[in-house]
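Thank you all for coming. Please have a look at the model on the screen before I take you through a few parts of it.

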Amino acid sequence: MSGTSEGPTPAADHRSAVTESDTIYRSVFTAAALAMAVVDRDGLVLRANDGFGALFCRAPEALSGRVAADLVDLASDPRTWQAYHEVLGGREARLRCTRRLKRPDGQAVWAQITVTALPGQTGGVLLSVTDISASHELQARLRHSQMHDPVTRLPNRTLFFERLTSALDADPYGGTGRIGLCYLDLDGFKAINDTLGHRVGDRLLAAVAERLRRCAEEAGHARPAAPLVARLGGDEFALLVEDSTGTEQLADLAESVLKAVQAPFDLDGRRLSVSASIGVVERLAAGTTPTALMQAADTTLYWAKADGMDRWTLFDPERNAHRMTRQALASTLRPAVERGEFVLEYQPLVGMADGRVRGVEALVRWHHPEFGVLAPNRFIQLAEEDGSIVQLGRWVLRTACRQARRWQLDHPGDPLFVSVNVAVRQVWDSDLVADVAETLAETGLSPHLLQLELTESAVMGSAGRPLEALQALSDMGVGIAIDDFGTGYSNLAYLSRLPVSVLKLDGAFVRGFQYEGDGATAEAAGAPAPNPADEVVVEAMIQLAHRLGLTVTAECVETSAQAARLRRIGCDTGQGWLYSRPVPPDRIPGLLGQRARGGDQVVGNP
Ligand code: C2E
Ligand code: MG
Ligand code: MG
């Protein structure tokens, strides 16, 4: 046959070219540093390269026929498993995941696994494995340093909140569904840091951390997990108890921590003793948030500090509610004056000898839109703390003076003085003298119909401005009374040097005057005997006060027996439920003309 050409046909040419490139590819595949295996559509290894063999400490050929998914742990999570089958079936092009592989020699490897679909009819995939152990470890170390405190090597605030959040999110059916927290702050750490330096301070923190870790470890015995100990910053630490069993478990932990911290520390040959205050919270995890839990812990820690430190305190919802009301009150206090939520009631001050009403004490009440009528002991201290007492005090002064002037005009025959309570801060922080002068001028009330009540502690040791203020007020003709006398220093000699005209004997003294006659009668009646010493002391006090030119008013006179004894020992004026409770101003005129028989009768009780 002519025309037949010599040599390979184009088809054979092509075949040999393919075979050649096939050979090249094979050798590239075999020698590549990247661990690779060709896997058939049934998931069995067709061929592995040297890198792949090395990864599994086997000759590459020995891996042929093995189930690829088992080698690289693709079945351990359902999503990856599903995705793997999509790629195997040719419906997806690629899958990538990270796995921690255990090699036959025992070494663990962090691997990034890629599965790529191969072209062609036969299907199958290319499996490649990259060892990412080094970068993984670096990342882990980075994360560790981001999540731990370098001084104590404890988990830091970030890690603590991460754990707390996931603990609160955890499936409640897995454990007890409860969570507990000990929030700890060292007492007086700042002083140690300031006097001994930061180096010693840091070493102390590290030593404390070590003890806390040990407490947690011991607490973790015979339990699924030990509490997490974290440093939240400064000298604050937290022990988080997941799946707590109740307050008792937390109380035990707090107790052991307290003891552990109390034992002296030896640092740099120096012996240091410290203590800690701990706020303990234990509750159901459901319905609480990290913020709510931390707030409760913070409040409780504050209580532990306020109660004297070196102790643990358990969160008390009632005490917290009280604090919340305090906060709610404090925040509505200032605008309340402008909104006119305060009213004054007046309580008669009665002459003991004749039972005539001489004056009235103005007592403030707050008609709170939410909490109802509040007595002054609920808000006066708050008002002092936030300074709104100055504004409130001005309102009280003006209202009381205006009222007294009204009575004076309506009942010219019965001049009635009004006694107004003045808080310490009003003397210090405002121009009390100017306020009083202005108010008297504005209302037209004569100064001698105004009396100001200050507590003993407010005037004790007063020099400079407060003393000048007292003197100026007294010079104006305004009376000054010492309120609650006997509860403080009771320094009569000192008080007599101040421009004071009245002592108001504290109710505690009067309480001892319950019974007339001798102690035997009272005892026979089954009541506690009055202490005769009380009477001797009070009598001496009244005599001394008189000699120093002061008159004496007894507070809290509730029975006629008390009134009789007070009158006998020379008390000038009385105030109390025996005569009248504090009443609204329109009730006062009705009490004016009345005179109590024998001076100790009820002149008007609502
Ligand atoms: P205080 O000045 O010693 O007022 C006497 C308190 O004793 C009043 O309580 C009064 O209601 C109560 N009291 C009167 N008679 C009796 C009695 O027979 N038995 C008993 N158990 N108690 C009696 P209140 O009104 O609750 O006032 C408490 C304190 O609040 C006052 O003590 C005073 O220190 C302060 N306060 C009241 N109003 C003002 C004010 O306008 N400004 C300032 N700064 N403090 C005020
Ligand atoms: Mg008073
Ligand atoms: Mg008083």
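This is a predicted model: local features need pLDDT of at least 70, side-chain atom pairs count only at pLDDT 80 or more; totals for chains, interfaces and linings use all residues.

Residues are numbered from 1 along each chain as its sequence is written, chains are lettered from A and ligands numbered from 1 in the order in which they are written, and side-chain values use heavy atoms, with hydrogens and water left out.

Eight of its 10 residues are buried, so S11 is largely enclosed by the rest of the structure; buried here means under 20% relative accessible area, with a 1.4 Å probe and protein chains only. Strand S6, residues 178-187, pairs with S11 in the antiparallel sense over 10 bridges, pairing being called when DSSP finds at least two bridges between two strands. One of these contacts joins aspartate 187 to its bridge partner in S11, serine 275. S11 also runs parallel to strand S12, residues 311-314, and four bridges join them, with threonine 313 in S12 as the bridge partner of glycine 279.

Now to the metal site. Which residues coordinate the magnesium ion, ligand 2? They are Glu361 (OE), Asn421 (OD1), Glu453 (OE) and Asp483 (OD), at 2.0 to 2.3 Å, where donors are N, O and S atoms within 2.8 Å of the metal (3.2 Å for Na, K and Ca), and because water is not among the atoms, sites may look incomplete. The magnesium ion that is ligand 3 lies 4.0 Å from ligand 2, and aspartate 483 coordinates both. Glutamate 361 lies in strand S14 (residues 357-368) and aspartate 483 in strand S18 (residues 479-485), so this pair ties together parts that are 122 residues apart in sequence. Glutamate 361 counts as buried at 5% relative accessibility, as does aspartate 483 at 8%.

Finally, ligand 1. A polar side-chain atom of asparagine 421 lies 2.9 Å from an oxygen atom of ligand 1, and a polar side-chain atom of glutamate 558 lies 2.6 Å from a nitrogen atom of ligand 1.

Notes
Buried means under 20% relative accessible area, exposed over 50%, partly exposed in between (1.4 Å probe, protein chains only). Helices (H or I, at least four residues) and strands (E, at least two) are DSSP runs, numbered from the N terminus. A polar contact is a pair of N or O atoms within 3.5 Å; within protein, one must be able to donate a hydrogen and the other to accept it, and residues adjacent in sequence count only if both atoms are side-chain atoms.
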